Number of protein chains: 2
Amino acid sequence: MAEQRALIALDWGSSSLRAYLMDDAAEVLESRTSESGASRLSLEVAAVDRPAIFERHLRSLIPDWLASGLPVLACGMVGSAHGWVEAGYLECPVDIAALHDRLVVVEGSGGLRVRIVPGVSRHPVGAAPDVMRGEETQVAGVLARDARLANGVAWIVLPGTHSKWVKVEHGCIVSFATRMTGELFELLRSHSVLARSLAPSTSFDADAFERGCAAAREAGGADVARHLFGVRTLGLFGRVPATSLADYLSGLLIGAELAAALVDVEADVPLVLAGDDRLCDRYRRGLAHFGRTCDETIADASALGLWRIARAASKSACRPSITS
Amino acid sequence: MAEQRALIALDWGSSSLRAYLMDDAAEVLESRTSESGASRLSLEVAAVDRPAIFERHLRSLIPDWLASGLPVLACGMVGSAHGWVEAGYLECPVDIAALHDRLVVVEGSGGLRVRIVPGVSRHPVGAAPDVMRGEETQVAGVLARDARLANGVAWIVLPGTHSKWVKVEHGCIVSFATRMTGELFELLRSHSVLARSLAPSTSFDADAFERGCAAAREAGGADVARHLFGVRTLGLFGRVPATSLADYLSGLLIGAELAAALVDVEADVPLVLAGDDRLCDRYRRGLAHFGRTCDETIADASALGLWRIARAASKSACRPSITS
């Protein structure tokens with residue numbers, strides 16, 4: 001049977017663009033990646049000039065796919081105030097199955113139409129607001145992959161530069177929290193006084209990682225600024241090998257995240273990880289250190305999430321279905 | 001009465017060198033500053049070449065002072081493994097009045113003799129070691145300024161890139177802890193995703209600072225990675241003006257430090273701040289937010305500390321006293 005090209009799905013974040021050509025059974029036929037994330041494309045560019053820059057970049061990455069006239073659906077920072085067009089935020093609780101109703105359409109030249117998934121915001125009383133953009137689509141993909149999660153209560157953890165802990169109930173995002181764990185790790189590893197202590201890692205040192213987790217857990221996730229200085233002194237006195245200090249630091253930061261986040265996570269609610277395999281593996285180890293098992297790890301949720309949202313949109317609008 | 005030049009005191013840290021010409025009554029007659037801190041001077045320089053580089057730099061900053069043949073005493077990172085010569089660490093508890101016995105001497109050309117104060121280390125069981133280098137001399141200065149502190153129990157807080165909380169009992173450093181609060185602030189302000197949200201501060205916004213403190217206090221100093229993302233969202237939704245976000249961030253990080261550090265601080269023990277005026281002012285506000293008063297703020301403790309150590313050394317060695 002010949003392939004049925006059905007959708008161009010774009011996971012267009014701050015630092016990269018991942019484009020997927022998908023068929024009518026939600027399979028990825030081909031994918032292409034570019035380092036031109038929304039932050040880079042918008043840097044020092046006036047808002048009025050941005051649409052042309054985003055369109056040109058997209059056309060240069062997937063000219064052949066676009067020529068076919070397939071529907072295009074995008075998620076991520078492409079819909080932020082610094083993106084192609086601002087796609088706004090839906091306020092929690094957000095029904096994932098209704099996301100398709102709130103897509104924002106941007107019209108390019110030559111009939112190009114790109115739909116963008118809005119972000120999700122949360123405004124808790126007496127605390128700072130929170131936002132996600134792109135992760136709502138990953139959540140849609142996770143729920144599409146596992147019906148049990150879609151029909152009950154679950155925590156979906158999306159590790160990354162800005163990790164997200166998302167609570168879903170019966171297909172709705174009811175709460176979530178963002179932590180800058182991945183960004184802190186990169187900042188400290190590359191730009192802080194610790195950079196001088198850390199030697200390039202040769203292989204993952206699980207013991208060093210777990211020592212970091214343990215230090216963070218014992219402090220209940222507090223006093224991170226003190227533990228960070230410990231990275232330096234453990235190296236200085238040869239208590240952790242220089243090549244393992246990055247893993248210790250990673251354990252410290254992920255451990256501090258887990259210590260704080262798990263306070264809100266009920267013991268009997270399923271917890272799944274979605275994202276990069278190696279990073280999910282660190283979180284799984286960290287969770288085990290806190291006596292918590294992870295029920296499942298799901299990779300590449302964005303493409304499936306975009307596909308689900310696109311299909312719902314096509315059905316809802318009574319436009320020709322992308323499943324034809 | 002003509003001035004009695006008695007000592008060249010060098011506070012030679014990672015990022016700068018402060019040189020003081022002092023008289024026999026511990027007054028600073030003149031001071032000079034250079035941006036050539038020990039880290040910068042040692043960058044990509046082989047250990048064997050470092051002494052010549054440090055000496056050359058010192059000679060270029062204070063040629064006239066050195067020509068007088070006055071005693072020279074230095075503290076700080078100049079005595080680290082990346083410094084002029086490694087001055088080692090004394091292990092806690094350390095009697096401040098005995099520091100002068102453990103000076104390391106480095107001999108330059110033309111009869112130049114520079115004595116360097118050793119650092120202090122702490123090796124708590126089951127936790128990362130801790131070190132200071134330069135702060136032991138500030139503590140000596142603080143104790144010299146206030147006899148009540150020297151004869152009792154006190155906490156001396158030295159805010160900075162790496163803040164130190166030092167507990168002294170009867171003139172001894174019995175415990176201390178380092179927190180990378182200042183460095184985290186600079187990293188986040190300059191290199192993180194938050195840099196895009198923060199506008200240059202026009203004047204200190206005490207309200208924003210205290211809101212940051214409050215957020216950290218309510219979380220007991222935990223979940224900093226989450227509160228950091230709040231800096232972005234508070235800006236995004238206009239809840240804190242962009243020009244005040246740096247003060248909010250400062251409050252958040254200092255608040256997290258205080259929440260953790262104050263756990264160890266007894267209510268009836270005097271607490272003093274020593275260091276940069278504006279930074280000490282932030283800590284004083286933060287302490288007040290935690291219901292804690294600061295008994296005193298002491299500036300320029302390094303010069304006095306060096307002077308005290310030099311005087312004790314000259315008396316102890318029965319060398320001609322620097323007070324004569």
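Figure 1. Pro93(B) sits in the loop between strand 5 (89–91) and strand 6 (94–95) of chain B. This is a predicted model, so keep that in mind for every close-up here. Look at the peptide bond from Cys92(B) to Pro93(B): it's cis, with omega near -5°. Now turn to chain A, where Pro93(A) is found in the loop between strand 5 (89–91) and strand 6 (94–95). The peptide bond leading from Cys92(A) into Pro93(A) is cis too, with omega near -5°.

Figure 2. Ala26(A) belongs to the loop between strand 2 (17–23) and strand 3 (28–34) of chain A. Is Ala26(A) buried or exposed? With a relative accessible area of 16%, Ala26(A) falls under the 20% cut-off, so it counts as buried. Over in chain B, Ala26(B) isn't a glycine either, yet it has a positive phi of about 70°. Ala26(B) lies in the loop between strand 2 (17–23) and strand 3 (28–34) of chain B.

Figure 3. Strand 4 of chain B covers residues 72–75. In a regular strand, side chains alternate between the two faces of the sheet. Here, Val72(B) and Ala74(B) point one way, Leu73(B) and Cys75(B) point the other way, and all are buried. Strand 1 (residues 5–12) of chain B runs parallel to strand 4, with 4 bridges joining them. To find your place in that pairing, pick out Leu10(B), whose bridge partner in strand 4 is Ala74(B). Strand 8 (residues 113–116) of chain B also runs parallel to strand 4, this time with 3 bridges. There, Leu73(B) stands opposite Arg115(B) of strand 8.

**Figure 4. Where chain A touches chain B.** The contact involves 48 residues of chain A and 48 residues of chain B. The size of an interface is often given as the accessible area lost when the parts come together. For chain A and chain B, that comes to about 3,900 Å², 64% of it on carbon and sulfur atoms. Which residues of chain A lose the most area to chain B? They are Arg196(A), Arg226(A) and Phe229(A), which together make up 17% of what that side buries.

**Figure 5. Polar links across the interface, and what chain A brings to it.** There are 2 salt bridges between chain A and chain B. One of the salt bridges has the side chain of Arg179(B) meeting that of Asp223(A), at 2.6 Å from N to O. The two chains also have 14 residue pairs in polar contact. Several elements of chain A each supply at least two residues to the side touching chain B, among them helix 1 (38–42), strand 13 (172–179) and helix 6 (181–191). Which helix of chain A gives the most? That's helix 8, with 9 residues. By type, the residues on this side of chain A split into 23 nonpolar, 14 polar and 11 charged.

**Figure 6. A few salt bridges within the chains.** Side chains of opposite charge can pair when their charged atoms come close. Over all chains, the count is 26 salt bridges. In helix 10 (residues 277–289) of chain B, Arg285(B) and Asp281(B) are 4 residues apart, about one turn of the helix. Their side chains meet in a salt bridge, at 3.4 Å from N to O. Arg285(B) is partly exposed at 29% relative accessibility, and Asp281(B) is partly exposed at 28%. Salt bridges with shared partners also link Glu30(A), Arg32(A) and Asp64(A) into one network. Another salt bridge joins Glu107(A) and Arg113(A), at 3.7 Å from N to O. Glu107(A) is exposed at 54%, whereas Arg113(A) is partly exposed at 39%.

**Figure 7. Phe290(A) and its contacts.** Phe290(A) lies in the loop between helix 10 (277–289) and strand 15 (296–298) of chain A. Beyond its neighbours within four places in sequence, Phe290(A) contacts Arg217(A), Gly255(A), Leu258(A), Ala259(A) and Leu262(A). Ala259(A) is 31 residues from Phe290(A) along the chain, yet their C-alpha atoms are separated by 7.9 Å. Phe290(A) is partly exposed, with a relative accessible area of 22%.

Methods. Residues are numbered from 1 along each chain as its sequence is written. Chains are lettered from A and ligands numbered from 1 in the order in which they are written. This is a predicted model: local features need pLDDT of at least 70, side-chain atom pairs count only at pLDDT 80 or more; totals for chains, interfaces and linings use all residues. Side-chain values use heavy atoms; hydrogens and water are left out. Buried means under 20% relative accessible area, exposed over 50%, partly exposed in between (1.4 Å probe, protein chains only). Contact means heavy atoms within 4.5 Å. Buried area is the accessible area (1.4 Å probe) that two parts lose on being put together, summed over both. A salt bridge is a side-chain nitrogen of Lys or Arg within 4 Å of a carboxyl oxygen of Asp or Glu. A polar contact is a pair of N or O atoms within 3.5 Å; within protein, one must be able to donate a hydrogen and the other to accept it, and residues adjacent in sequence count only if both atoms are side-chain atoms. Ala, Val, Leu, Ile, Met, Phe, Trp, Tyr, Cys and Pro count as nonpolar, Asp, Glu, Lys and Arg as charged, and the others, Gly among them, as polar. Two strands pair if DSSP finds at least two bridges between them.
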